[in-house]
Amino acid sequence: MEPIDLSKIEKKIIVRNTQEKDFDELIEMQKRCFPKMIPWKKEQLKSQIEIFPEGQFCVEYDGKIIGSASSLIINFDEFDDQHSWEEITDDGYITNHDPDGNNLYGIEIMTHPDFRNMKVGHRLYEARKQLTQDLNLKSIVIGGRIPNYNKYADTLTPKEYVEEVANKNIYDPILTFQLHNGFVLKRIIKKYLPDDKASLKYATLMEWSNIEYQRKTKRHFKTAFPVRICVVQYMMKKISSFEDFAQQCEYYVDVAYNYQSDFVVFPEIFTTQLLSFMEQDTPSQSVRKLAGYTDDYIQIFTDFAVRYNVNIIGGSHFVEEDGNLYNIAYLFRRDGTIEKQYKLHITPNERIWWGITPGDEIKVFDTDCGKISILICYDLEFPELGRIVTEKGANIIFTPFCTDERQGYLRVRYCAQARAVENQIYTVIAGTVGNLTHVENMDIQYAQSGIYTPSDFSFPRDGIMAECNPNIETVMVGDLDLELLKRSRRSGTVTLLKNRRKDLYELKELKPKMD
């Protein structure tokens, strides 16, 4: 089997600033989103990107514009609470944009109707929030439409309708979404958009506050950089089809999304669960059959990462390339791109039963939450690798693992904690539990997944951020602060990376020999 060309599978999703070349697509999308409202004029869009380019965002998926958001900066205190859209945006031209203002005002956000299950709006709001923090603005203010109000206007006042939506008794596509994204309802605005018949010209004034706002300066101080991790302790049980496997995986990705996780982590070779419905051959023949599901595995996890807006450490999977079988961990970024890390050290068991070939490249990956590394199970037990990826800039080492009994698990767990201490880095281990009674060499599992930190006063006691109960199907969620890690490396009780005796020893990464 030839190596898989991941570029043919990738469908990249990016949030970027709007450009003039996007105008035609934006106008057509707005006609689809709001068919009964007047769409943008190109002159308005051009004025927006000329006056405040960093405040205009779009979402591009596989070369197509599927969402957009427009905004300007104002001092909201200078406007009346009962302002209109035309007044606060200068009829969409934003010539009243004030770069010295305190508030980011959102004037438009839309998602293409064909892509409404891909968290496009959430991505745009996250971009706005990040811009607000980067510019040290006090808050985001929006005038939000309530397009379902026309259905209830005969029985509910605008105030009663908004209260019912806030109490989750009524669903409104815009107000419900804004509340879910952390916006606080301030008041109801009358005569906001004259052509908004669905909302009967009403809108809600809503605000999201920047808790890092510094009143006396425009300078942005970063006090924390939290990264939320969801670890899946995955149950290996008999299934009937690949669809059963996909459903089980999607459930956990959805859980990670509901907890607003930045990463969700699956265990090593958890795809061997697929062998439970396949006809059994020798272990080496079975795993080569398993490799035939590689395309399907990559496809579903690429889709999950984009749709649920979460970076996925996709455990690991057996992949056949040029006649060799590799144990490969995939990183599925939430922007739709894919990376892979080959397992570098192969255990005697893997060689004897499956004939696994080792990889030969040590990688560190860029993500929207900083640099990370993936060291698969046995690789974590070699301290040289932990030091090399740390020197390459990794802040988190993710380790999918699969062990059959307690001693094997403890080797992984103790090494995870050792790597965290000696490199002042975070480590995350995710393992399989349960039994595959009819799958030779994968019949029993033992795991207690965990998130580990350096050992110092700033970190949790015992260097354990979170830990699962052993041998049960579950997840755990923990926040890792990258800013705290940086401060610890610079001025902690001990500074191991700074205090190395490079005059006595050194560690070199060698380039693999080419055949």
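**Close-up views of the predicted model**

**View 1. Lys-486 is partly exposed, with a relative accessible area of 46%.** The model shown here and in the other views is predicted. The side chain of Lys-486 meets that of Glu-483 in a salt bridge, with 3.7 Å from N to O. Glu-483 is buried, and its relative accessible area is 13%. Helix 13 (residues 482–491) holds both Glu-483 and Lys-486. The two lie three residues apart, about one turn of the helix. Elsewhere, salt bridges with shared partners link Arg-16, Asp-22 and Glu-60 into one network.

**View 2. Glu-60 and Arg-16 form a salt bridge between their side chains.** The N to O distance is 2.8 Å. Glu-60 belongs to strand 2 (residues 57–61) and Arg-16 to strand 1 (residues 13–17), so this pair ties together parts that are 44 residues apart in sequence. The cut-off for buried is under 20%. Arg-16 is buried too, at 15%.

**View 3. The side chains of Glu-350 and Lys-343 meet in a salt bridge.** Here N and O are 3.0 Å apart. Glu-350 is buried, with a relative accessible area of 4%. Lys-343 is also buried, with a value of 1%. How many salt bridges does a search of the whole structure find? The search returns 29.

**View 4. Cysteines without a disulfide: a search of the whole structure finds zero disulfides.** Cys-249 is in none, and its nearest cysteine sulfur, in Cys-230, is 13 Å away. Cys-249 is buried, with a relative accessible area of 0%. What separates Cys-468 from a bond to Cys-230? The sulfur of Cys-468 is 9.0 Å from that of Cys-230, which is its closest cysteine sulfur and too far for a bond. The cut-off for a disulfide is 2.5 Å between sulfur atoms. Cys-468 is buried, with a relative accessible area of 3%.

**View 5. The largest pocket has a volume of about 1500 Å³.** Its lining has 41 residues. Which of them are the closest to the centre? They are His-122, Glu-126, Gln-130, Asp-262 and Arg-334. Helix 4 provides the largest share, seven residues. By class, the lining holds 13 nonpolar, 14 polar and 14 charged residues.

View 6. Strand 4 (103–111), helix 4 and helix 6 (175–180) each give two or more residues to the lining. The lining residues of the second largest pocket divide into 17 nonpolar, eight polar and seven charged.

**View 7. The largest cavity has a volume of about 60 Å³.** A search of the whole structure finds two cavities of 30 Å³ or more. Which residues line the largest cavity? The lining consists of Thr-18, Leu-26, Trp-40, Leu-45, Gln-48, Ile-49, Gln-56, Phe-57, Ser-68, Ala-69 and Ser-70. Helix 2 (42–51) supplies at least two of the lining residues, and strand 3 (64–74) likewise supplies at least two. Six lining residues are nonpolar, five are polar and none is charged.

**View 8. The second largest cavity holds about 30 Å³ of space.** Its lining is made of Leu-275, Gln-280, Pro-283, Ser-286, Val-287, Trp-354, Val-439 and Glu-440. Which element gives the most to this lining? Helix 8 (residues 283–290) does, with three residues. By class, five residues of the lining are nonpolar, two are polar and one is charged.

How values were computed:
Residues are numbered from 1 along each chain as its sequence is written. This is a predicted model: local features need pLDDT of at least 70, side-chain atom pairs count only at pLDDT 80 or more; totals for chains, interfaces and linings use all residues. Side-chain values use heavy atoms; hydrogens and water are left out. A salt bridge is a side-chain nitrogen of Lys or Arg within 4 Å of a carboxyl oxygen of Asp or Glu. Helices (H or I, at least four residues) and strands (E, at least two) are DSSP runs, numbered from the N terminus. Buried means under 20% relative accessible area, exposed over 50%, partly exposed in between (1.4 Å probe, protein chains only). On a 1 Å grid over the protein atoms alone, a cavity is a set of points where a 1.4 Å probe fits but cannot get out, and a pocket is an open set with protein on both sides within 12 Å along at least five of seven lines; lining residues have an atom within 4 Å of a point. Grid points are joined across faces, edges and corners, and a volume is the space filled by probe spheres set on the points. Ala, Val, Leu, Ile, Met, Phe, Trp, Tyr, Cys and Pro count as nonpolar, Asp, Glu, Lys and Arg as charged, and the others, Gly among them, as polar.
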